[in-house]
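Colleague: I would like to go through this model with you. Shall we start with the overall picture and then turn to single residues?

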Amino acid sequence: MSKKRVTYQTEALYVGSTGQSTPDQLHRIQTASHNVDVQRVDINEMGKLAKLTSEIVEAPVVTLDFSYYIIDGYNESKFGFTVPDKSDPYASIISGFANDQEKEEKNYYILTVPEGQDASDGSSSYNSSKNGLLGIGNGYITSYSVEGSVGEIPTANVSIEAANIRFDINSSSAQNPGINTDDGSLIDNDITIPVSNTGSLSASVIRPGDIVIDFGEETLDQGGALLPEMDYTDPTSNSRDGKSCIQSFNLDVPLARSPILCLTNFYPISRNLDFPANATLTINANLADISSGALNDIICQPEKTRDIKITMYNRCRENTSIDYLFKNAVLSSQSMNSVFEANKTVDLTFTSSLEYGTGNGVFMRGTIEDPSPTTTTTVAPTTTTTNATTTNTTPPPPNHTYVAPTANSAQPRRRPP
């Protein structure tokens, strides 16, 4: 039966390596959009006013942008980032890209089920022959950012550049959208999309009040804003008094790429990361007390770096869900703003260079579990559910400063073993 429209509940987003026949679903997706840019060159000659024809001399570029609610690092691990478990040491999120192109090059799929159905109710309400499938082949991440603010659920935004796109009217045994970049031929393995599910993640969502940002104990060399966890010398003051009240943060990881082109190849054989590259962390806060210092104090002093930790907890801090370490960050700008009938605010920007190894950049740890039930195909899935034990960890110290207040309700954590 033909559709009159496509609505959000009928779609689901998947990712897999170019040779993976059954891709993995990404969860808590909020937006997804794609674009195709085809560049043509007009062919002209003397003696004729109009062009003779137009030719494509460079491979078209497909872009995919999507956003999702951050949970526990599962999505990040599936599209290629290195995400150790929270009990393991931190790792640079791009460390896996150094010598493994399979971690970088992925296919992405948008499944569309019949109108009026939920994609996550596919076990009996629809079958693969009624589905639509959009496949994007040979995709590379070009941007990743994380943002959170008071009253908003923390969200990640991802941008992809790819080499091919195809549309199919069946989600079982569909043609692989990936191509062999040597000659543009199709990759010879069919794709079957598993039934969508909502996942058994470590939390349904992370609330803004369950975010903790630690800037370290040392105050800013040039003085100015007193940020959470910086040393405060007034022993009579409450631990939260005097510290700036964080309103929002944005962690931006640019992953710009240059296509590697050969004269004898129409398609880029790879899209390598461009270095040097700097990640940035932008903070907006309501200013409270200030620390002493002057700009000229830093001119003749060695550059001072700090590690900034962003920890996101499950409901009521029962357990850590994911945390980011912005390592060897340097303050690059600080601006303050006073407006009539409003709190005085401060905006700060920290930068750190990206590296494959353990030195600088953005590091991550998560709660690495596979949330997908065991399924076969969209025609006849088999689902296996396992009850998991509950693990308790120590909540953060009471003197941490939080993005927003939390509700006094608790929900036990559930995840598969």
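This is a predicted model: local features need pLDDT of at least 70, side-chain atom pairs count only at pLDDT 80 or more; totals for chains, interfaces and linings use all residues.

Colleague: What is the mean pLDDT of the protein, and over which residues is the pLDDT below 50?

Modeller: pLDDT is the predictor's confidence in each residue, from 0 to 100. The mean is 83, and 84% of the residues reach 70 or more.

Colleague: How many helices and strands does the protein have?

Modeller: Helices (H or I, at least four residues) and strands (E, at least two) are DSSP runs, numbered from the N terminus. The protein has three helices, and its strands number 22.

Colleague: What percentage of the residues is buried?

Modeller: Buried means under 20% relative accessible area, exposed over 50%, and partly exposed in between (1.4 Å probe, protein chains only). Of the 417 residues in the protein, the buried ones make up 45%.

Colleague: Which residues touch the most other members of the largest nonpolar core?

Modeller: A nonpolar core is a set of buried Ala, Val, Leu, Ile, Met, Phe, Trp, Tyr and Cys residues joined through side-chain atoms within 4.5 Å. The largest one has 61 residues. Those touching the most other members are Phe66, Phe79, Phe81, Tyr144, Met312, Tyr324 and Phe350.

Colleague: How many residues are in the second, separate core?

Modeller: Ala12, Tyr14, Ala174 and Ile193 are among its members. This second core has 10 residues.

Colleague: Which residues form a nonpolar patch on the surface?

Modeller: Patches are made of residues with over 30% relative accessible area and no salt bridge; like charges are joined within 9 Å, nonpolar side chains (Val, Leu, Ile, Met, Phe, Trp, Tyr) within 5 Å. Val41 lies in strand E4 (residues 41-43) and is partly exposed at 38%. The patch has about 310 Å² of accessible area together, and its residues are Val41, Ile43, Leu52 and Val57.

Colleague: Which residue meets Arg271 in a salt bridge?

Modeller: A salt bridge is a side-chain nitrogen of Lys or Arg within 4 Å of a carboxyl oxygen of Asp or Glu, and the structure holds 10 of them. The Arg271 bridge spans 3.5 Å, N to O. Arg271 lies in strand E16 and its partner in strand E10 (residues 152-162), so the pair ties together parts that are 110 residues apart in sequence. The partner is Glu161.

Colleague: Is Glu229 buried or exposed?

Modeller: Phi of Glu229 is near 80°, a positive value in a residue other than glycine. Glu229 lies in the loop between strand E13 (224-225) and strand E14 (245-254). At 14% relative accessibility, Glu229 counts as buried.

Colleague: And Glu341, is it buried or exposed?

Modeller: Glu341 is found in the loop between strand E20 (320-337) and E21. Its phi is near 60°, again positive in a residue other than glycine. With 74% relative accessibility, Glu341 counts as exposed.

Colleague: Which peptide bond is cis, with omega near 0°?

Modeller: Look in the loop between strand E16 (270-273) and strand E17 (278-286), where Pro276 is placed. The cis bond runs from Phe275 to Pro276.

How values were computed. Residues are numbered from 1 along each chain as its sequence is written. Side-chain values use heavy atoms; hydrogens and water are left out. Accessible areas come from the Shrake-Rupley method with a 1.4 Å probe; for residues, only the protein chains shown count as cover.
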